[in-house]
Amino acid sequence: MSTRASRRRSRWRVLGAILVTAFAMMAAGSVSGSVQASTYTPNASGELDCNGFSPTQHAIRATMNCTDIRGIAGVDNTNTWGGRFYDNNNYIGHDEPDMTFYSNVPGTGNNVTWAETLPVDPVAAPTVATPGKDVTHWFELSVAPWFSMAMCDPNSYPQTSCTPLSDANAPTCVVALLCPANSYPGGGGAFMEMQFYPPGMPPFVDSTSCNDTHWCAALTIDSLECTTGFATCNTACEEPVNFAWIQRDGVPTGPPSPQESTLATSTPNAQTLMLNPGDRITVHMFDAAAPGGGHAFEVMVDDLSTGQSGFMQASAANGFANTSIADCSGTPFNFQPEYSTASQANIIPWAAIATNISTEFETGHFEACTKVTSAASLAIGPGLSDTYYNTCHGP
């Protein structure tokens, strides 16, 4: 962890079941590039498309909580029409009510600490008999509350170079196809969501929880393999995602890269940080020295209630990689924060939520049913499948 120098703090409160306080901390940013090494050839199974629609690769986790991709009103092509984005002709939409933090202070876009009290579920089990009066648990309300930060990724939309920790990456015009000539669509960017998963609905590989009693967390980074204005996308790897649990020893459970992700990647182990409902925690997100030189984005989670800690670094040494739009191959890569400040212009333009430093409660993924029918089988991995149902009845 880097030395915490004196810093300027900006604070606000989010009212609701979770009390969140954000501190934007000044930090000097170091610049490092990608780590060039042999590329990763996509496996038959992995996470080349967070939405699970890659025609060339089977998704390891079909229920991944993805960054919602914006559509472009007034632009109609094979990837966007009617103001919506389509992944292999499939529209994926959900609500992401968020609170975004703004500051023009250097460092606020790349060195941030959040303080959070994890929600506590009702003692009674969930019910679905009387809408409006039922007992509801957090896994039904928000499957992955998260904290975000924009990442520099020259291989992501709009496929342009970027300089880590620099406000020069900000787009001067967001809807590129509707912008004046010579306008700048911004530097290539990926979207990091530091996601938390509520207890009550395991196993995680095809659901939302690590187990029935604990919260857990993971570092996820979504890129987009499309050119400016979604004019061209590689349909085999439209939204590749890097994924790794927050670990007490900082070692991923499996390969984080989209190309080499396995069942182990999405399966917690004995080192995965488990958090109790009601625990008070801090989440520090910052640019840190990486193994082998350079810097890479890192998350540290401290549980102030239990004294436990966990961390994860999005480094090439840990198996993180960015993705080629040409052939979906991966290159070991040190992801770094994209911006210096958290000013309003500093966004990821392809993400529907159009933000940088924010917190949100992702809704619209869960539907309570009194009865399910139309059974089908989901292939999770080699020799492993699960039964799911296509029709939800009532209430």
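Before we count classes of residues, here is the sorting: Ala, Val, Leu, Ile, Met, Phe, Trp, Tyr, Cys and Pro count as nonpolar, Asp, Glu, Lys and Arg as charged, and the others, Gly among them, as polar. Keep in mind that this model is predicted.

Q: How many charged residues does the lining of the second largest cavity have?
A: This cavity holds about 60 Å³ of space. Its lining includes Thr 100, Phe 101, Tyr 102 and Gln 344. With six nonpolar and six polar residues in that lining, the count of charged ones is no residues.

Q: Which strand supplies the largest share of the lining of the largest pocket?
A: The largest pocket has about 1,400 Å³ of space, and 38 residues line it. Strand 4 (58-59), strand 21 (371-381) and strand 22 (384-393) each give at least two residues to that lining. The largest share is seven residues, and they come from strand 22.

Q: Is Thr 113 buried or exposed?
A: You can find Thr 113 in strand 9 (residues 112-117). Buried means under 20% relative accessible area. Thr 113 has a relative accessibility of 8%, so it counts as buried.

Q: What is the handedness of the disulfide of Cys 152 and Cys 162?
A: A disulfide is a covalent bond between the sulfur atoms of two cysteines. In the pair Cys 152 and Cys 162, the sulfur atoms are 2.0 Å apart. The torsion about their S-S bond is about 95 degrees, so this disulfide is right-handed.

Q: How many residues apart in sequence are the parts that the pair Cys 152 and Cys 162 ties together?
A: A disulfide is formed by Cys 152 and Cys 162. Cys 152 lies in strand 10 (residues 146-152), and Cys 162 lies in the loop between strand 10 and strand 11 (189-197), so the parts tied together are apart in sequence by ten residues.

Q: Is Cys 233 buried or exposed?
A: Cys 233 is joined to Cys 226 by a disulfide. The cut-off for buried is under 20% relative accessible area. Cys 233 has 13%, so it is buried.

Methods:
Residues are numbered from 1 along each chain as its sequence is written. This is a predicted model: local features need pLDDT of at least 70, side-chain atom pairs count only at pLDDT 80 or more; totals for chains, interfaces and linings use all residues. Side-chain values use heavy atoms; hydrogens and water are left out. On a 1 Å grid over the protein atoms alone, a cavity is a set of points where a 1.4 Å probe fits but cannot get out, and a pocket is an open set with protein on both sides within 12 Å along at least five of seven lines; lining residues have an atom within 4 Å of a point. Grid points are joined across faces, edges and corners, and a volume is the space filled by probe spheres set on the points. Helices (H or I, at least four residues) and strands (E, at least two) are DSSP runs, numbered from the N terminus. Buried means under 20% relative accessible area, exposed over 50%, partly exposed in between (1.4 Å probe, protein chains only). A disulfide is a pair of cysteine sulfur atoms within 2.5 Å.
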